[in-house]
Amino acid sequence: MAVSRAMVRKAAKRRRTQVSGLETRVRGWLDNAGLAYKTQYPVGLCHVDLLLGEDMIVEVNGCYWHGHRCQKVLLPRQRRWQAKDRRRYKYFLSRGFKLMLLWECDVHERGEAAIVASLKERLESGV
């Protein structure tokens with residue numbers, strides 16, 4: 001089924017997502033670095049956390065909510081969330097977007113300088 005603009009607008013109105021504190025922190029770092037981005041950008045019927053440039057999607061994931069490997073034991077609902085995330089990521093890649101995942105534990109451990117440097121490197125390399 002083809003996705004029309006009207007369907008996308010209707011889904012966007014229906015599904016306003018809350019911005020996490022983690023995402024707000026990363027957005028502040030991007031602002032400090034002077035990187036332009038779009039937030040909660042619609043791609044088909046999904047929203048992405050950040051869109052850098054024309055085709056670089058950045059998803060800022062909480063380790064618990066998205067079932068990161070740093071979690072010792074995953075609950076059944078976390079496995080379902082992982083499956084949903086995999087479908088979304090596959091969809092984005094099939095549409096020609098580049099994808100970068102930022103995990104909560106990495107954001108806390110690596111800090112602003114390392115995260116911003118890796119984002120800039122990915123943007124400049126086009127990978």
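Predicted model: local features only at pLDDT ≥ 70, side-chain atom pairs only at ≥ 80, totals over all residues.
The buried positions of H4 are Gln78, Gln82, Asp85, Arg88, Tyr89 and Phe92. Viewed down the axis of H4, these buried residues fall within an arc of 130°, so they line one face of the helix. An α-helix has 3.6 residues a turn, so residues three or four places apart point the same way. The other side of H4 carries the exposed residues Pro76, Arg80, Arg86, Arg87, Lys90 and Ser94. H4 has 19 residues, and the distance from its first C-alpha to its last is 27 Å, close to the 27 Å expected at 1.5 Å a residue. After H4 comes Gly96, with a positive phi near 90°.

E3 pairs with strand E2 (residues 46–52) in the antiparallel sense, over three bridges, and Met56 of E3 is the bridge partner of Leu52. The hairpin of E2 and E3 has three residues between the strands, and Gly53 in this hairpin adopts a positive phi near 65°. E3 also runs parallel to strand E4 (residues 98–103), to which six bridges join it. Met56 stands opposite Lys98 of E4.

Four aromatic pairs are counted in the model. One of them, Tyr64 with Trp65, is edge-to-face, at 4.9 Å centre to centre and 85° between the planes. Tyr64 is partly exposed, with a relative accessible area of 29%, whereas Trp65 is exposed, with a value of 54%. The ring centres of Trp65 and Trp81 are 5.4 Å apart with planes at 45°, so this pair is tilted. Trp65 belongs to helix H3 and Trp81 to helix H4, so the pair ties together parts that are 16 residues apart in sequence. Trp81 is partly exposed, its relative accessible area being 26%. Together, Tyr64, Trp65 and Trp81 make up one aromatic cluster.

Terms used:
Residues numbered from 1 in each chain as written. Heavy atoms only, no water. Pairing = 2+ DSSP bridges. Helix = DSSP H or I, 4+ residues; strand = E, 2+ residues; numbered from the N terminus. Expected span 1.5 Å × (residues − 1). Buried < 20%, exposed > 50% of the residue type's maximum accessible area, 1.4 Å probe, protein only. Arc of directions from axis to C-beta. Phe/Tyr/Trp six-rings, centres within 6.5 Å; stacked < 30°, edge-to-face > 60°.
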